[in-house]
Every structure is written in structure tokens, then in C-alpha cells.
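Reader: Please take one part of this model and go through it closely. Keep it brisk.

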Amino acid sequence: MTHQLFPVVEPMQQLFSAGAGSYYSDSIFFLSVAMHRILPAELTHIVQLDLDVKYMSNIRELFEEFDKFQPGAVLGIAREMQPVYRHTFWQYRQENPHTKVGDPPPDGLPGFNSGVLLLNLQAMRQSALYNQLLDAEKVRELADRYHFKGHLGDQDFFTLIGMEHMELFHVLHCTYNRQLCTWWRDHGYSDIFHLYFKCDGKVKIYHGNCNTPIPDE
């Protein structure tokens, strides 16, 4: 499997991890981007979840989100709920002061969090655009355009291509990936953190990212 993924994963490991030996440098953190190329054709839909999640509702509701995909969408994912990409895109934002890149929702582009993923493998296989974006040169071109060097694996790739191709994504409501990490609140963004962290509605899936305790409710 790793051998099959190497041509796709290798350039991403260089761009979307903190270097050899770092947590997100392992190829397992990039499986989602090209799973449609290695799994049997009879597998058409997959839900991929981080281990640090807790269901608060029937998982069937999450699967039903596949029915809401618009034409052209290949993947379901929730927005990142911290200003991590505001920070990562700092140079691009400085050069483009009116950009929405890295801004908070609802109007901004805060990036994605891959703790909960809906992969429409059939749509991924059929999407010429998505498969073009997996090309190593395309990935480097986008990364250079946005001065982007990430460290969070697959979600960096999804965030980067989402800056120009939101049509590839079905955006899950934050309650399907209610992230709990508050690291960036205490590291320079306390004044705007709430704009990213806000999530109204009954939580369906808690995500205890960065080892954050999950409520018992």
C-alpha cells in the first residue's frame, strides 16, 4: 500500500509535515488523499475518523451527509476551529491584505480539520480536477503561490486546495467535528480565538484534539 501511495505522498510529506521523524511525517497521515487509488472499485464510500473522537449521536446521521454532496464534491470535512491557518498563511495574508484566506467563518477560509472525513471514493476516482491536484508539481505550485509550509498531514493538503477549489468539498457542520483544542488561544490569538472556536448546535461528535479531555455528557 505504501509503495502504491509513494508517488503521491512523498512530495506531500515534504510540504505538509515538520520533517522526517515528526508526528505527521508518516505516510499513514496521507492515506485519505489517495485512498481512491488503492482500494477496490466496489468500495465507493468511506468514513474516516481520528481515534480521539466520541460519538454523541447515531453514526447513521454522518453517513447521511453523503446524500447532501453537491455535483463535483468528493469529500466531506469540517472547518478548522482554531486560527492555525491564519498563522500558517501569514506571509500570503501580509501580501494580500484583503484576502479571506485564514479568516474565520462564516465568510472566511479558516481551513479544514481532518478528524472526521467523508470520502466519496467513486467521486474521487471520477474527478479530473481532484486527480490533477494530486500531481506533485501542482501541489508544489499551489504551496509556492500561498507561501505554504504545513505540518498537519492530509488536512494541510485539503486546506490548500480548498483555497481555490471549494467545489470539491461538502463542508460538515461544526457539530460533526466539535474540536476542543485551545492551543492557539494561548499562543498569540486570544483576541480572535472565539471567532474560530464558536460552534452553535447540539454536538454530534466531539474531537479531543491535542489531547484535550472530552466531556462526559
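**The cysteine links and the strands beside them**

Author: The link of Cys-181 and Cys-210 is right-handed, with 110° about the S-S bond. Its ends lie in distant parts of the chain, 29 residues apart: Cys-181 is in the loop between S6 and H9, and Cys-210 is in the segment after S7. Helices (H or I, at least four residues) and strands (E, at least two) are DSSP runs, numbered from the N terminus.

This is a predicted model: local features need pLDDT of at least 70, side-chain atom pairs count only at pLDDT 80 or more, and totals for chains, interfaces and linings use all residues. Residues are numbered from 1 along each chain as its sequence is written, and side-chain values use heavy atoms, with hydrogens and water left out.

The sulfur atoms of Cys-181 and Cys-210 are 2.0 Å apart. A disulfide is a pair of cysteine sulfur atoms within 2.5 Å. By that rule there are two disulfides.

How exposed are the two ends? Cys-181 has a relative accessible area of 4%, so it is buried. Cys-210 has 44% relative accessibility and therefore counts as partly exposed. Buried means under 20% relative accessible area, exposed means over 50%, and partly exposed lies in between (1.4 Å probe, protein chains only).

Now the other disulfide. Cys-174 and Cys-199 form it, with sulfur atoms 2.1 Å apart. Its ends also lie in distant parts of the chain, 25 residues apart. Cys-174 is in the loop between strand S5 (169-172) and S6. Cys-199 is in the loop between helix H9 (193-197) and S7. The S-S torsion of Cys-174 and Cys-199 is about 95°, so this disulfide is right-handed. Both Cys-174 and Cys-199 are buried. With the bonded cysteines numbered in sequence order, the pairing is 1-3, 2-4.

Next, the strands around these loops. S2, S7 and S6 form an open sheet of three strands, in the order S2-S7-S6, with mixed pairing. S6 and strand S7 (residues 205-207) run parallel, joined by two bridges. Two strands pair if DSSP finds at least two bridges between them. Gln-179 stands opposite His-207 in S7.

S5 belongs to another open sheet, of four strands in the order S1-S4-S3-S5, also with mixed pairing. Strand S1 (45-49) and S5 are at its edges with a single partner strand each, so one side of each has no neighbour in the sheet. S5 runs parallel to strand S3 (residues 75-79), and four bridges join them. Gly-76 stands opposite His-170 in S5.
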